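Here is a briefing for a reader who is new to this structure. The points that follow are grouped by topic.

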Amino acid sequence: MITAYVSANGMLRAQPVEPHGAIPEDAVWIDLMEPTPEEERFVDEALGLDVPSEEEMQEIEVSSRLYQERNAIYMTATVMIGADTSKPGRTPVTFVLVGHRLLTLRYAEPLPFRYFAAKARRHVVPSSAGEEVLAGLLDAIVDRVADILERVQSELDTLSSEIFARRAQGVRLDFDELLRRVGRTQALTTEARESLVSIARLLSFIGRPGEMKLTKSFERGFKTIARDVMALSDHASFLSGNINFVLDATLGLINSEQNGIIKIFSVAAVVFLPPTLIASIYGMNFQFMPELSLKYGYVLALALMVISAILPYWYFKRRGWL
């Protein structure tokens, strides 16, 4: 699907474009969403570009993601998707600046694109040129990552409260659920860090001399986004350390609970070992056993078994092992 956004009175107006049609001359943003091969060829011919394929967008080499070809600058960044679902992930998005026109190529729909387009229609964000649209999209992506990291921070605070406060109150914890929640926070943080690293490389590429002639206002705007990305990267690293701490604490509590169960079984085995020994001795079927002829031998054997069970238990309690 090809959507052209035309600037009108500081706002963006969306216009669908068919492969057999024409791209509006005053379009400042052309968005390719899951384009077909026919749509890709149409855009290549209309703008004189060589739009990368989906496989080329997923390459990890920096030289394959950030490069300049003829009069166009190609930049591929990794953007988070599915942060509100049970399976967060990431998708590559290619930004192509040709003249003062921006082309975006994507095979998913990250929320920042939808939010930015909605704001641009209401004249909330500047969008009269491709550079402004690029800055606005990158800012929306970074804001989305910041919201996700704030959610991770809140979830970590809740997890810490449940692990330590409820444990101190004697509330039984569902460790399987805790581990699943810790794993989800780790997945979100990992995807966020990957996205931030990718955007940081893109911003560094934009700021290189000779790659792109920016006005002072655009340059300041991209530098502001770069500072936000650095701050969020540090925060993501901090959250990653907290997640490891919460995970270690959860595993420690699981080990502690398992050790308590094993201790109970061990004490029970030691407590019942002497009575079992006595019962085994007097359960032997030898003909000549002096105690078998005692009138109160049965009662005496029972008393010995009870005493032999009480003594180990009393000893363990005195030593504080129970």
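Trp29 counts as buried because its relative accessibility is 1%, where buried means under 20% relative accessible area, exposed over 50% and partly exposed in between, computed with a 1.4 Å probe and protein chains only. This is a predicted model, in which local features need pLDDT of at least 70 and side-chain atom pairs count only at pLDDT 80 or more, while totals for chains, interfaces and linings use all residues. Residues are numbered from 1 along each chain as its sequence is written, and side-chain values use heavy atoms, with hydrogens and water left out.

**Aromatic rings**

- Rings of Phe, Tyr and Trp (its six-membered ring) pair if their centres lie within 6.5 Å, and planes under 30 degrees apart count as stacked, over 60 as edge-to-face and the rest as tilted; by this rule there are five aromatic pairs.
- The ring centres of Trp29 and Phe116 are 5.8 Å apart and the planes stand at 65 degrees, so this pair is edge-to-face.
- Trp29 lies in strand β3 (residues 27-33) and Phe116 in helix α4 (residues 111-121), so that the pair links parts of the chain 87 residues apart, with helices (H or I, at least four residues) and strands (E, at least two) taken as DSSP runs numbered from the N terminus.
- Phe116, at 2% relative accessibility, also counts as buried.
- Tyr67 and Tyr74 form a stacked pair, with 4.9 Å from centre to centre and 10 degrees between the planes; Tyr67 is partly exposed at 23% relative accessibility, whereas Tyr74 is buried at 2%.
- One aromatic cluster is formed by Tyr5, Trp29, Phe95, Phe113 and Phe116.

**The sheet**

- Seven strands form an open sheet with mixed pairing, in the order β2-β1-β3-β7-β6-β5-β4, where two strands pair if DSSP finds at least two bridges between them.
- At the edges stand β2 (11-17) and β4 (66-69), each with a single partner strand, so one side of each has no neighbour in the sheet.
- Strand β3 runs parallel to strand β7 (residues 101-106), to which five bridges join it, and Leu103 in β7 is the bridge partner of Ile30.

**Helices on the sheet**

- Helix α4 packs on the sheet and touches β1 (2-8), β2, β3, β6 (89-98) and β7, contact meaning heavy atoms within 4.5 Å.
- The direction of α4 makes about 120 degrees with that of β2, where axes are lines fitted to C-alpha atoms, for helices over the stretch in contact, and angles run from 0 to 180 degrees between N-to-C directions.
- Helix α6 (residues 175-206) also packs on the sheet, touching β4, β5 (72-81) and β6, and its direction makes about 165 degrees with that of β5.
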